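Hi,

Here is the structure I promised to pass on.

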Amino acid sequence: MANVDISEEAFHLRIGYMKPDTMEIARAELRETDELRAESLQKLRELLKATPELNYKDDDAFLLIFLRVCHFYPESALEKLKNVASFRKENKALVHGLQVKDVQERFVKGSVINVLKNCDQKGRRVLIVNCGKLWDPNLIPSDEMFRMLYVVHIAAQLEEETQVRGVVCIMDFDGLAMKQVKALSPSFSKRLLTFIQEAMPLRMKEVHIVKQPFIFNMVWTLFKPFIKEKLNKRMHFHGSDMKSLHKFLDPSVLPANYKGTQPAIDYGGLDWFPALEQQTEYVNTWSEMGPAQW
């Protein structure tokens, strides 16, 4: 089993450093070298300057987010920037002007969005989305759930460890009932999956569906048409079989909720919100980025 040290991971973002083995992953998986990084940054900056319909920052740290997710191909990074801008414009009502304070109340009081306080055995952040009984759509409508996820993904971009290693998502459907099924509408499903697959500059490595009851088939019927082959290969369905989940996530990194050896989850948005709040300026700058004309 992996040894888990949560001292540098719990309730704050890992900013301003990359571990030596992370740098090796970046080289092996993303083609990142000092020479290619400098060359790609220059090229992407030129491409962005020649694309007046886009409005983004062009400092190295920001552009690296998009270059890493696109394996340091500047043209692909520009396409990702365009996709993000297009998505933001299409979903203007939800994301234009979105700031940290706009999600604070629901993030702190709700139990829908959580992040494991330790990374997994591969150093990846693990996002938990509670789509079952812990989610009351009357208190947190699906649009507000999406806005919370959107703010979390913006903050997560700041972790270079996460840019390189990617993220894992556990979607927990324990206690799923009709009120949640109704809230997971076709429009929500399409928006969420378009975001994940086209407009999220993070490496989504695995999505684990757990504790889903039979009624989940209704949800899956809505989601399935929008799932492309790449994401489909990274989705895994476990039901109540936690040994199946353990094939991907070591029991030593999982809480007792998922038959892991870590203590049961007793933390949530209240504990994580200060980490978001500390990045308020960065998250808020995103509110106007993307399309030059809204």
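Before the notes, one convention: two strands count as paired here if DSSP finds at least two bridges between them. With that in mind, Ile209 stands opposite Phe237 in S6. Please also remember that this is a predicted model.

The sheet

Let me start with the sheet that this pair belongs to. Five strands make an open sheet, in the order S2-S3-S4-S5-S6, with mixed pairing. The edges are taken by S2 (113-115) and S6 (235-239), and each has a single partner strand, so one side of each is left without a neighbour in the sheet. From one strand to the next the twist averages 20°.

Going along the order from the S2 end, this is how the strands join up:

- S2 and S3 run antiparallel and are joined by 3 bridges. Ile113 stands opposite Val129 in S3.
- S3 and S4 pair in the parallel sense, over 6 bridges. Here Leu127 has Cys169 in S4 as its bridge partner.
- S4 (residues 167-172) and S5 are parallel too, with 6 bridges between them. Asp172 stands opposite Val210 in S5.
- S5 (residues 204-210) and S6 are also parallel, joined by 4 bridges. Val210 turns up again in this pairing, opposite Gly239 in S6.

Val168 is in strand S4. Its relative accessible area is 1%, under the 20% cut-off, so Val168 counts as buried. Beyond its neighbours within four places in sequence, Val168 is in contact with Asp120, Arg124, Arg125, Val126, Leu127, Glu206, His208 and Leu249. As for Asp120, its C-alpha atom is 8.6 Å from that of Val168, although the two residues are 48 apart along the chain.

The other one is Thr162, in helix H8 (residues 160-165). Thr162 is buried too, at a relative accessible area of 1%. Its side chain makes a polar contact of 3.0 Å with the side chain of Arg14. Leaving out neighbours within four places in sequence, the contacts of Thr162 are Arg14, Arg125, Ala156, Val167 and Leu202. Arg125 is therefore on both contact lists, that of Thr162 and that of Val168.

The aromatics

There are 17 aromatic pairs in the structure. One of them is Phe62 with Phe66, a tilted pair with 5.4 Å between the centres and 45° between the planes. These two are 4 residues apart in helix H3 (residues 60-69), which means they are separated by about one helical turn. Both Phe62 and Phe66 are buried.

Phe62 has a further partner in Trp286, and that pair is tilted as well, at 5.8 Å centre to centre and 50° between the planes. What does this second pair tie together? Phe62 lies in H3, while Trp286 is in the loop between helix H15 (280-285) and strand S7 (290-291), so the pair links parts that are 224 residues apart in sequence. Phe62 has a relative accessible area of 1%, and Trp286 likewise counts as buried at 1%.

Finally, two spots where an arginine meets a ring. The charged end of Arg31 sits over the ring of Tyr73, 3.8 Å from its centre. Arg191 lies over the face of Phe146, at 5.7 Å from the ring centre.

Over to you!

Terms used:
Residues are numbered from 1 along each chain as its sequence is written. This is a predicted model: local features need pLDDT of at least 70, side-chain atom pairs count only at pLDDT 80 or more; totals for chains, interfaces and linings use all residues. Side-chain values use heavy atoms; hydrogens and water are left out. Buried means under 20% relative accessible area, exposed over 50%, partly exposed in between (1.4 Å probe, protein chains only). A polar contact is a pair of N or O atoms within 3.5 Å; within protein, one must be able to donate a hydrogen and the other to accept it, and residues adjacent in sequence count only if both atoms are side-chain atoms. Contact means heavy atoms within 4.5 Å. Axes are lines fitted to C-alpha atoms, for helices over the stretch in contact, and angles run from 0 to 180 degrees between N-to-C directions. Rings of Phe, Tyr and Trp (its six-membered ring) pair if their centres lie within 6.5 Å; planes under 30 degrees apart count as stacked, over 60 as edge-to-face and the rest as tilted. A charge sits over a ring if NZ of Lys or CZ of Arg is within 6 Å of the ring centre and within 35 degrees of the ring normal.
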